[in-house]
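Please look through the structure shown here with the following explanation beside you.

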Protein chains: 2
Amino acid sequence: MARVRKTVTIRDVAEDAGVSLQTVSRVVNGGPNVRPQVRDKVRASIEKLGYVPSLAAQRMSGSRSYIILAINDRERTLEDWRERRGTDWVDQMLLGGILTCSQHGYRMMVELVDTHSDHVERELGAALSALQPDGVILTPPHSENRLITDLLAERRIPFARIGSDAPGPGIPLTMGDSGAAHLATTHLAGLGHTRIAMIAGPSQYSLSGWRIEGWKRALAEAGLPYEGLLEVGDFGYESGTRAARALLDRNPDLTAIIASSDQMALAALEVARERGLDVPRDLSLISFDNTPIVRFTQPPLTAIDQPIAETVSRAVEQLIARESKGEGDSVIEVAAALVERASTAPARVLAADRV
Amino acid sequence: MARVRKTVTIRDVAEDAGVSLQTVSRVVNGGPNVRPQVRDKVRASIEKLGYVPSLAAQRMSGSRSYIILAINDRERTLEDWRERRGTDWVDQMLLGGILTCSQHGYRMMVELVDTHSDHVERELGAALSALQPDGVILTPPHSENRLITDLLAERRIPFARIGSDAPGPGIPLTMGDSGAAHLATTHLAGLGHTRIAMIAGPSQYSLSGWRIEGWKRALAEAGLPYEGLLEVGDFGYESGTRAARALLDRNPDLTAIIASSDQMALAALEVARERGLDVPRDLSLISFDNTPIVRFTQPPLTAIDQPIAETVSRAVEQLIARESKGEGDSVIEVAAALVERASTAPARVLAADRV
DNA sequence: GCGCATCTTGAGAGCGTTCTCAAGACTTGT
DNA sequence: ACAAGTCTTGAGAACGCTCTCAAGATGCGC
């Protein structure tokens, strides 16, 4: 009885509206030369039959694929998930990306690629061939991987590099790391802190350098020193522990730390606790990322909110807009914000008891 | 000079290998009747040219689309992300799904659908028409939404219902909620607790009922009461606060709480703190979900780990395997595990001082 | 060694869309 | 009112693949 509902094609619409197949196509794609009267008739038929163009067929006919591919680091993602579970990059990327894509009639797909593998080109190449995306979004640490950017450039696929401001092909977007570090540092200086340390990320991430730069700039503006106040971690918890201990050992008068990831900030919080330092009374703490974790620690952490979703969203818009337009664009910077919570407080004026 | 690299098609391979187009197709799809010698020759050409079939073309030619669509709740996801940021469902789904999909040559796409909207059918219908996925994975609370399951059944698209054990079309998968609650309860009883409360989830989620059932069953087996020990929340923090307060008010001798979400457990932890109860000395706490948060609280929470990634992975396998096979399958249950951390301890034998 | 079944291969159509190009219907300027 | 446009519409090819079906090659039993 109830026959399997046949897929509604453009042909059905054309027939129903009494026009040619091509005219329907024009209406669907907002083509220019269609009489309003015809347009309405076609639209009515589309509505009535519930017609939706097949992505596959659209792609086949040589036009766009309406797919944006987002590349994430498999190794880091998987490891984080299984061991440390300290990422919500993927979540945020998806939310920012999917919504913006769907607003423009596009779809987002996620591909996990292992940077350190020597199959990168193969893996990515296969994905590109299979999907033929209209655009690709690169996230750190892929954003400046020459193997990847060269491959994309060679294939003439527009792409966005998040967390990269280098020249070259691809649209560069940054999340205002320098400004964010500057903001955090200035905030602490404004609270009266004079010894403000930074636990930075690994140097292969450009953003690590930007954050250090912003921090130093703010310190200089405030007339504060930075000697002995920098440690480098790898974003992970363990490295945060090591860095925080080293900083406190070296600087007995330290009253504030900026950590380049939530994980490292949590480690610093624990180190403070093990040394009997109260946060924020004895030590102020600001972290980067603002993942869900930091709202529920004791105390909740003041953090720099990385606008990942917003940035991905912007990247999608750029990719869709410039479809094969020229390169050499200026860097797009999405500003990060400081979310104040309870881990920052004025420096104790009478800190003499600790020195 | 460097011409735009033309896409390698099946025709190029056929030509290079000196066989017909059809033969290449057979080799690619593991077709049965090809001489080993020819097969090898074709494989060599594929390798040499770096040929990868176009998903779109495959789909067009009436075969599979090699796409699995995962449906998530937009409202909950977005709200969680912006306000509470307490979810990592999407992360885990993706990780479990993408990996398993790619192992079978499939791709996973994520669609965010708003259950409460009355456009559900429209939204979902459009996505199905555009993507024509080979399978769909439904997550709570969509898994038992009749509008959605009916739509999928009508279109003859195989789908999996995660967190549903109801009969009807679609492959039902559960994450062992009853068993998990039983496990948690038994664990606490084994530590000597005699008043074990539960903060359940909302009743429109089937899994809420299953957890209550497992809890009651374990209590009955241990000869323990459950009267007055049940409160219902909505998975969110606020509701956890209310529930924990109510439980502690009503039961001065309460020594253990099982919360149906990490958020609610965090709330209970805070309530304990505000009442001067030490966790785990005075109150043991077990949560459900095991999101990243609970490793970094004070103390870290003992939790039931929901095997989301594993379950999605199983769902993908089932969908790919049974491609249009019959229905009426038995429920697939992926067991959840208890991760012991520092929020559970033996009940104090001399609890008389509190009573 | 012949007829029949089976294995291997290829030719051609078709999937749903957009592209190119041409034809007909209207304008407009003179 | 006529030529030269400009709008509007449609016909047909093309995209890359798999499906169906038929033809040739090979094997088997008697």
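A:Y205 belongs to the loop between β6 (196-200) and α10 (206-221) of chain A, while A:F235 belongs to the loop between β7 (230-232) and α11 (237-250) of chain A, so the pair ties together parts that are 30 residues apart in sequence. Both A:Y205 and A:F235 are buried. The model is a predicted one.

In chain B, helix α12 covers residues 262-274, and its 13 residues should span 18 Å at 1.5 Å a residue, which agrees with the 18 Å between its end C-alpha atoms. Because 10 of its 13 residues are buried, α12(B) is largely enclosed by the rest of the structure; among the buried ones are B:D262, B:Q263, B:M264 and B:L266. After α12(B) comes B:G276, which has a positive phi, near 75°.

In soluble globular proteins, nonpolar side chains tend to be buried together. The largest nonpolar core here has 92 residues, of which A:M108, A:V136, A:I137, B:M108, B:V136 and B:I137 touch the most other members. Which residues is A:V136 in contact with, leaving aside its neighbours within four places in sequence? They are A:L69, A:I71, A:L128, A:L152, A:I157, A:P158, A:F159, A:A160 and A:L319.

Technical notes:
Residues numbered from 1 in each chain as written. Chains lettered and ligands numbered in written order. Predicted model: local features only at pLDDT ≥ 70, side-chain atom pairs only at ≥ 80, totals over all residues. Heavy atoms only, no water. Core = buried A, V, L, I, M, F, W, Y, C linked by side-chain atoms within 4.5 Å. Buried < 20%, exposed > 50% of the residue type's maximum accessible area, 1.4 Å probe, protein only. Contact = heavy atoms within 4.5 Å. Helix = DSSP H or I, 4+ residues; strand = E, 2+ residues; numbered from the N terminus. Expected span 1.5 Å × (residues − 1).
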